[in-house]
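Colleague: Please take a close look at the charged side-chain pairs in this model. Tell me where the partners sit, and then how those places relate to the rest of the fold.

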Amino acid sequence: MEIIFLGTSAGLPTKERNTQATVLSLEPLLNEFWLFDAGEAVQHQILQTRIKLGKLRRVFITHMHGDHLFGLPGLLSSRSFQGGENKPLTLYGPAGIKAFIETTLKLSESRLNYPLEIVEVEDAAVFKEDDITIKVHLLAHGIPSYGYRLELPASQGRLLQDKLEKEGIMPGPIYRDFKMHDTVEYEGKVYRAQDYRAEAVPGKILTFFGDTMPNSNEDLLAEQADVMVHESTYLEGDHLLSHQYHHSHIADVVSLAERSQVKLTLINHVSNRYHQQDVTALSEVIRAEHPDFNFRIAHDFMTVKID
Ligand SMILES: [Zn+2]
Ligand SMILES: [Zn+2]
């Protein structure tokens with residue numbers, strides 16, 4: 001699996017950063033992409049990657065601000081011509097997303113050649129898709145803004161070949177039965193398959209935040225996450241100023257990651273006041289001040305593999 005950042009700027013695009021869009025590639029679990037936010041020009045960014053729009057299966061919009069949304073109508077329209085024909089797409093977003101899309105498509109006389117399902121989310125909503133649990137929580141951003149927490153399914157532990165061989169069960173098609181079934185009958189004896197498998201590997205927890213200032217729902221989204229994608233519009237300076245604008249300061253993100261025991265924090269939605277050289281320098285300052293904070297500040301097209 002991997003996370004690919006297609007836009008990492010706050011509010012306005014810059015020459016270095018496009019507006020918000022983050023892709024989750026679910027391979028090998030699922031042969032599809034999920035997209036979180038769709039800032040303007042997201043489809044241009046996608047053209048620079050190996051992402052095929054036909055494999056884009058779900059889109060999650062965090063909130064209705066333009067830097068997270070204005071690329072969506074163009075993306076949905078282009079998908080009709082770029083491999084999406086007859087392939088369903090589900091769109092999740094705040095109240096209003098349905099009217100926004102239906103009105104835009106209607107007034108521009110755009111027709112999609114695939115089924116589009118639009119789901120308007122609310123606080124504490126839970127969905128289960130392809131064994132992935134999606135938990136939604138409301139944040140604090142002046143307008144309704146949501147975070148999406150994905151809990152991936154546990155994967156089965158590997159077969160314990162040594163133990164099987166001790167029983168006289170040698171590699172062959174029978175091993176498939178030990179992977180697939182609860183009990184296996186072999187040469188007249190019945191075995192409990194789980195005794196011959198290593199412990200199941202817990203599923204990853206990946207959490208994607210919309211714009212927000214600190215609030216208690218953040219903890220529900222971040223708790224024990226393997227990867228947290230979170231905004232930090234402000235990477236230095238006046239901590240409280242960021243809250244006046246309903247955004248987060250790096251100190252807020254560090255605090256959330258520490259108390260929630262997040263393993264890796266990926267920071268996006270960086271103010272357009274920072275050029276890449278500033279970001280590089282500020283990263284060093286943050287690293288020196290918080291040596292236990294495992295983080296990266298995303299840039300456009302940064303790709304992070306998740307094992
Ligand atoms: Zn924003
Ligand atoms: Zn916003």
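Modeller: A salt bridge here is a side-chain nitrogen of Lys or Arg within 4 Å of a carboxyl oxygen of Asp or Glu. Keep in mind that this is a predicted model. By that cut-off, the structure holds 13 salt bridges.

Take Lys305 and Glu2. Their side chains form a salt bridge, with N and O 2.6 Å apart. Lys305 belongs to strand 16 and Glu2 to strand 1 (residues 2-7), so the pair ties together parts that are 303 residues apart in sequence. The two ends are placed quite unlike each other. Lys305 has 62% relative accessibility and therefore counts as exposed. Glu2 has 8%, so Glu2 counts as buried.

Next come Glu27 and Arg50. The closest N and O atoms of this salt bridge are 3.7 Å apart. Both partners sit in loops: Glu27 between strand 2 (21-25) and strand 3 (33-36), Arg50 between helix 1 (42-47) and strand 4. At 34% relative accessibility, Glu27 is partly exposed. Arg50 is partly exposed too, with a relative accessible area of 45%.

Then look at Arg58 and Asp130. Here the closest N and O atoms of the salt bridge lie 3.5 Å apart. Arg58 is in strand 4, while Asp130 is in the loop between strand 7 (126-129) and strand 8 (132-138). The pair links parts of the chain 72 residues apart. Arg58 is buried, at 3% relative accessibility. Asp130 is partly exposed, at 40%. Two of these pairs also belong together: salt bridges with shared partners join Glu2, Glu27, Arg50 and Lys305 into one network.

Strand 4 (residues 56-60) pairs with strand 5 (residues 89-93) in the parallel sense, over 3 bridges. Phe60 stands opposite Tyr92 in strand 5.

Last, the metal site. His63 (NE2), His65 (ND1), His141 (NE2) and Asp211 (OD) coordinate the zinc ion (ligand 2) at 2.2 to 2.4 Å. In sequence, these donor residues are spaced H-x1-H-x75-H-x69-D. The 4 donor atoms subtend angles of 89 to 171°, so the arrangement is irregular. Asp211 also bridges this zinc ion (ligand 2) and the zinc ion (ligand 1), which lie 3.4 Å apart. Again, distant parts of the chain are linked: His141 is in the loop between strand 8 and strand 9 (146-151), and Asp211 is in the loop between strand 12 (205-208) and helix 7 (217-222). They are 70 residues apart. Both His141 and Asp211 are buried.

Definitions and conventions:
Residues numbered from 1 in each chain as written. Chains lettered and ligands numbered in written order. Predicted model: local features only at pLDDT ≥ 70, side-chain atom pairs only at ≥ 80, totals over all residues. Heavy atoms only, no water. Pairing = 2+ DSSP bridges. Helix = DSSP H or I, 4+ residues; strand = E, 2+ residues; numbered from the N terminus. Buried < 20%, exposed > 50% of the residue type's maximum accessible area, 1.4 Å probe, protein only. Donors = N, O, S within 2.8 Å, 3.2 Å for Na, K, Ca; no water. Tetrahedral: all angles 85-135°; square planar, octahedral: opposite > 155°, others 65-115°.
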